[in-house]
Amino acid sequence: MSAPQSPTIDDELLAAVTRSMVALHERYHHRKPVTAKTQLLGDDLLVCVLGGVYTDVEKTLIELQHSTTVQETRSEFQTAMQHKFVDEVERLTGRSVLAFISNSHVGPDLEIELFMLGPARRDSP
């Protein structure tokens, strides 16, 4: 019996990953990012860049010189919630996620989600 083949990562799948990352952001931060784009680098590094991600409270903290607090809070949140992001990418791509790295940046206002994908499943003979 052959294993299911992983879907090809094409523009449609990249758009689906982007929509999924935006939906997770909206669900947990109660707002959509202003911009979002997902790209595949090589055949195993999936990158989603979200722009305009900070809430009004976070923007205020940044203005008051507390950007480290914002970044630390976002980092802790991503660590606690990484399974949600990983599960979505695995579901959509049909590939395992070997590593997930998330980081936010102040000036410009960005969040980057990196997924190192495992090998594509192929039909076995």
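How many bridges join strand β3 to strand β4? There are 8, and the two strands, residues 97-105 and residues 110-117, run antiparallel. This is a predicted model in which local features need pLDDT of at least 70 and side-chain atom pairs pLDDT 80 or more, while totals for chains, interfaces and linings use all residues. Residues are numbered from 1 along each chain as its sequence is written, and side-chain values use heavy atoms, without hydrogens and water.

Strands (E, at least two residues) and helices (H or I, at least four) are DSSP runs, numbered from the N terminus. Two strands pair if DSSP finds at least two bridges between them. β3 and β4 form a hairpin with 4 residues between them, and G107 in the turn has a positive phi of about 65 degrees. S102 stands opposite E113 in β4.

The structure holds 3 salt bridges, each a side-chain nitrogen of Lys or Arg within 4 Å of a carboxyl oxygen of Asp or Glu. In one, R74 meets E58 at 2.7 Å, N to O. R74 belongs to helix α3 (residues 67-93) and E58 to helix α2 (residues 56-63), 16 residues apart. R74 also meets E111, again with 2.7 Å from N to O. Because R74 lies in helix α3 and E111 in strand β4, this pair ties together parts 37 residues apart in sequence.

Buried means under 20% relative accessible area, exposed over 50%, and partly exposed in between (1.4 Å probe, protein chains only). R74 is buried at 3%, E58 is buried at 11%, and E111 is buried too.

E88 and R91 form a salt bridge of 2.9 Å, N to O. Both lie in helix α3, 3 residues apart, about one turn of the helix. R91 is exposed, with a relative accessible area of 56%. Shared partners join E58, R74 and E111 into one salt-bridge network.
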